[in-house]
Amino acid sequence: MAADMEVEFVTVERRFWSGTASMVVAKTTEGEIGIQAGHEPLLGELDTGGTVTVYTDEGKKVAAVQGGFLSVTANKVSILGEAAVWSDSIDRAAAEKALADAGDDADAAAAARGRLRAIEKAGA
């Protein structure tokens, strides 16, 4: 197993999650990126309606994230999201309705797609 790294995941409102992980996968504006301990330093912009997956000893945790930034050093990943929700807290029917109701609101559509993507990635 890969060495663990420290992960600090915060939103504008609160500390969302912190702990150790063997890998973090995040959807940035440049594409999806996987990060393990020893990764080259990096600063990335999280995609609106993207996801962040954290792999821990207990398994994977998937969150839908509304924009923000990702900072990587050799042994630490810092995630600052505007808002985030764990996949197991997302109501699929409500997310599907939000997507259908989004109309021309690109931000609302992206948020709803991100929630649905998080559910799919979690395997729920």
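Predicted model: local features only at pLDDT ≥ 70, side-chain atom pairs only at ≥ 80, totals over all residues.
Me: In what order do the elements of the chain run?
Reply: From the N terminus the order is β-β-β-β-β-β-β-β-α-α, which comes to two helices and eight strands. Among contacts with a separation of 6 or more, 53% are between residues 24 or more positions apart.

Me: Why is T11 called buried?
Reply: Buried means under 20% relative accessible area. T11 has 10% relative accessibility, so T11 counts as buried. T11 lies in strand β1, residues 5-11. Leaving out residues up to four places away in sequence, T11 touches F16, L80, G81, E82, A83 and A84.

Me: Why is E8 buried too?
Reply: The relative accessible area of E8 is 17%, and the cut-off is under 20%, so E8 is buried. E8 is also in strand β1. Beyond its neighbours within four places in sequence, E8 is in contact with R15, W17, S18, K76, V77, S78 and I79.

Me: How do you know that the side chains of E8 and R15 are joined by a polar contact?
Reply: A polar contact needs a pair of N or O atoms within 3.5 Å, one able to donate a hydrogen and the other to accept it. The contact between the side chains of E8 and R15 is 2.9 Å, so the distance meets that limit.

Me: Why is S78 called partly exposed?
Reply: Partly exposed is the range between buried, under 20%, and exposed, over 50%. S78 has 27% relative accessibility, so S78 counts as partly exposed. S78 lies in strand β7, residues 76-81. Its contacts, not counting residues up to four places away, are E8, F69, L70 and S71. S78 and E6 are 72 residues apart in sequence, and their C-alpha atoms are 8.4 Å apart.

Me: How do you know that β3 and β4 pair?
Reply: Pairing requires at least two bridges. Strand β3, residues 23-28, and strand β4, residues 31-35, have five bridges in the antiparallel sense, so the two strands pair. A hairpin of two residues joins β3 to β4.

Me: What joins β5 to its partner strands β3 and β6?
Reply: Five bridges join β3 to β5, residues 42-56, and the two run antiparallel. In β5, L46 is the bridge partner of T28. Between β5 and β6, residues 59-73, there are 13 bridges, also antiparallel. F69 in β6 is the bridge partner of E45. A hairpin through two residues joins β5 to β6. With at least two bridges required, both pairs qualify, so β5 pairs with β3 and with β6.

Me: What makes D91 a cap of helix α1?
Reply: A side-chain oxygen of D91 lies 2.9 Å from the backbone nitrogen of A93. The limit for a polar contact is 3.5 Å, so the distance is within it. The capped end is the N-terminal one of helix α1, residues 92-101. Just after α1, G103 takes a positive phi of about 55 degrees.

Me: Why is A112 buried?
Reply: A112 has a relative accessible area of 0%, under the 20% cut-off, so A112 is buried. A112 is in helix α2, residues 106-122. A112 touches A95, A98 and L99, not counting residues up to four places away in sequence. The C-alpha atoms of A112 and R92, 20 residues apart along the chain, are separated by 9.5 Å.

Notes
Residues numbered from 1 in each chain as written. Heavy atoms only, no water. Helix = DSSP H or I, 4+ residues; strand = E, 2+ residues; numbered from the N terminus. Contact = heavy atoms within 4.5 Å. Buried < 20%, exposed > 50% of the residue type's maximum accessible area, 1.4 Å probe, protein only.
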